[in-house]
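Please study the sequence and the three-dimensional structure shown below.

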Amino acid sequence: YVADTANSAAGRTDYTPLTPSDTSSKYGVPSGTARILASSAIGEIDPNVVKSGTFSCNGGLSGENNATDSFSTTMNSEGFILTGASNYDYAACRIDTFPNDGFAISAGDGDGSDATAWIRASDMRTRFLLAEASTPQHVAIFCAQTGTATLSNGPNSTNVALDCTFNCDTSATAMGWYYLDTEHDTAGVLGPNMQITTSIPCGVVVDAKSMYEILIWGAN
């Protein structure tokens with residue numbers, strides 16, 4: 001687990017469960033800020049050892065589309081920063097050639113309880129349930145490949161494509177992506193007990209109760 005105080009004045013802290021560190025690609029959404037962080041390998045005592053890799057997105061970082069670039073960071077630093085968009089309205093991203101003692105975290109709007117971990121393809125699932133009494137502000141679905149999804153809530157449902165839909169060119173990568181917020185919810189699916197079913201394994205980030213962004217761990 002990692003803890004990080006997003007807003008010291010409010011006294012709120014993010015506690016984020018992390019996937020096990022290994023060399024698998026990690027997937028996530030840089031919302032506002034994402035940090036690629038390094039931890040110490042077993043037997044490694046030098047905090048300045050450089051960890052490096054590459055990242056690519058279904059959209060541009062710093063304004064360019066189809067970003068593919070390299071990164072490097074050390075344990076004795078605040079990590080390599082990827083700048084996305086607010087409220088997780090950005091794109092699916094992937095980190096490759098990742099150090100086996102590193103991880104990535106996205107921070108949301110900075111008021112605490114809004115950090116989410118990037119996950120491996122093996123951590124992704126196909127069924128998700130938002131089991132709470134409030135209406136989420138937004139939902140972001142990210143996948144290791146393209147596919148389709150059904151979002152439903154009671155009698156309301158909508159079928160959507162999991163591809164690149166915001167600020168991107170689908171010819172660049174095969175990652176799946178879909179974003180929905182209350183302003184564009186014409187089908188009326190955002191609400192208590194919303195269900196998401198995907199044709200391929202995905203991850204889901206939702207702005208849930210009291211506007212706290214969380215990663216939903218689904219099922220198959």
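Predicted model: local features only at pLDDT ≥ 70, side-chain atom pairs only at ≥ 80, totals over all residues.

A disulfide is a covalent bond between the sulfur atoms of two cysteines. The pair links distant parts of the chain: C143 belongs to strand β12, which covers residues 138-143, while C202 belongs to strand β16, which covers residues 195-207. The two cysteines are 59 residues apart. With a cut-off of 2.5 Å between cysteine sulfur atoms, the count comes to 1 disulfide.

The geometry of the bond can also be described. The torsion about the S-S bond of C143 and C202 is about 95 degrees, and therefore the disulfide is right-handed. Are these cysteines buried or exposed? A residue is called buried when its relative accessible area is under 20%. C143 has a relative accessible area of 0%, so it is buried. C202 has a relative accessibility of 1%, and therefore it counts as buried too.

We turn next to the aromatic rings. A pair of aromatic rings is described by the distance of the centres and the angle of the planes. The structure holds 1 aromatic pair, formed by W177 and Y179. The ring centres of W177 and Y179 are 6.3 Å apart, and their planes make an angle of 20 degrees. Planes under 30 degrees apart count as stacked, so the pair of W177 and Y179 is stacked. Both W177 and Y179 are buried.

Charged side chains form another kind of pair. Side chains of opposite charge can pair when their charged atoms come close. How many salt bridges does a search of the whole structure find? The search finds 1 salt bridge, in which the side chains of R120 and D123 meet at 2.9 Å, N to O. R120 is buried, and D123 is buried as well.

Finally, consider the chain as a whole. The chain contains 17 strands and 0 helices. Of its 220 residues, 45% count as buried. The chain exposes about 9900 Å², and carbon and sulfur atoms supply 48% of that area. Contacts can also be sorted by how far apart the partners lie in sequence. Among contacts in the chain between residues at least 6 apart in sequence, 75% join residues at least 24 apart.

Terms used. Residues numbered from 1 in each chain as written. Heavy atoms only, no water. Helix = DSSP H or I, 4+ residues; strand = E, 2+ residues; numbered from the N terminus. Buried < 20%, exposed > 50% of the residue type's maximum accessible area, 1.4 Å probe, protein only. Phe/Tyr/Trp six-rings, centres within 6.5 Å; stacked < 30°, edge-to-face > 60°. Salt bridge = Lys/Arg side-chain N within 4 Å of Asp/Glu carboxyl O. Contact = heavy atoms within 4.5 Å. Areas by Shrake-Rupley, 256 points an atom, 1.4 Å probe, with all protein chains shown as cover.
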